[in-house]
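Welcome! Here is a short tour for someone meeting this structure for the first time.

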Amino acid sequence: MVGAVNRTARKVPAGALYIMCPIPAAWLLWQGLTGGLGFEPIKALEHQLGEWALQLLIAGLCITPLRRYAGLNLLKFRRAIGLIAFLYVVLHFLVWMVLDVQLPSQIWADIVKRPYITIGMAALVLLIPLAATSNNLSVRRLGRTWRSLHKATYVVALLAALHYILLAKGFRIEPLVYAGIIGGLLLLRLPAAVNRSTTRRRSVG
């Protein structure tokens with residue numbers, strides 16, 4: 001089964017994701033414009049874009065554990081998934097800024113005074129250099145620094161989960177499930193990180 005999936009994945013160009021994945025955002029915007037998102041279309045649009053962004057961040061985090069523990073090799077899609085996640089985060093932010101809040105003074109006040117917005121903004125800011133360096137030229141020029149820089153993805157995912165938890169009014173299980181999945185995916189990376197650290201110490205010694 002895994003072999004069949006890997007063979008199929010090798011035949012699918014990563015560029016196809018750049019065409020397919022933005023389609024839901026375009027469809028959602030169309031629904032908002034045509035009254036298909038209910039009485040609060042802006043809130044619905046903002047929420048759905050944010051949730052899809054979080055799901056894409058989680059999908060990107062899944063790729064390494066799937067390869068390591070299940071033999072499923074989707075590594076070629078990781079960059080595309082990361083960039084599309086960034087696109088959805090930006091769209092989520094733009095809907096909040098342009099359609100929801102609108103006033104520049106209120107936007108800044110919300111970023112400073114509301115913790116869930118402060119955290120969400122921090123995640124967006126951290127994503128910008130990751131998106132800007134998601135190209136082969138940056139990989140070559142930055143070398144080992146590129147890997148260290150892109151480990152910020154873990155921080156971004158945690159901040160995104162915390163943003164969702166704080167945003168939810170009252171007790172809601174869904175944000176906690178997302179946070180639990182992200183925590184679990186990061187814990188799966190610990191054995192490999194420990195092994196790499198031990199190997200480095202031995203080589204230095």
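Is Y88 buried or exposed? Y88 is buried, because its relative accessibility is 2%, and buried means under 20% relative accessible area, exposed over 50%, and partly exposed in between (1.4 Å probe, protein chains only).

## About the model

This is a predicted model, in which local features need pLDDT of at least 70 and side-chain atom pairs count only at pLDDT 80 or more, while totals for chains, interfaces and linings use all residues. Residues are numbered from 1 along each chain as its sequence is written, and side-chain values use heavy atoms, with hydrogens and water left out.

## Aromatic pairs

The whole structure holds 3 aromatic pairs; rings of Phe, Tyr and Trp (its six-membered ring) pair if their centres lie within 6.5 Å, with planes under 30 degrees apart counted as stacked, over 60 as edge-to-face and the rest as tilted. W52 and Y88 make an edge-to-face pair, because their ring centres are 6.0 Å apart and their planes stand at 80 degrees. This pair links distant parts of the chain, 36 residues apart: W52 is in helix α4 (residues 41-70) and Y88 in helix α5 (residues 78-101). Helices here are DSSP runs (H or I, at least four residues), numbered from the N terminus. W52 is partly exposed, at 23% relative accessible area.

Y164 and Y178 form a tilted pair, since their planes meet at 35 degrees, with ring centres 5.9 Å apart. Y164 sits in helix α10 (residues 152-167) and Y178 in helix α11, so the pair ties together parts 14 residues apart in sequence. Y164 is buried at 6%, and Y178 is buried at 11%.

## Salt bridges

There are 3 salt bridges in the structure, each a side-chain nitrogen of Lys or Arg within 4 Å of a carboxyl oxygen of Asp or Glu. One joins D100 and K43, at 3.0 Å from N to O. D100 belongs to helix α5 and K43 to helix α4, so parts 57 residues apart in sequence are tied together.

Another salt bridge pairs R114 with D110, where the closest N and O atoms are 3.5 Å apart. R114 is partly exposed at 39%, whereas D110 is buried at 6%. R172 and E174 also form a salt bridge, their closest N and O atoms being 3.4 Å apart. R172 is partly exposed at 33%, and E174 is partly exposed at 29%.

Conventions
Helices (H or I, at least four residues) and strands (E, at least two) are DSSP runs, numbered from the N terminus.
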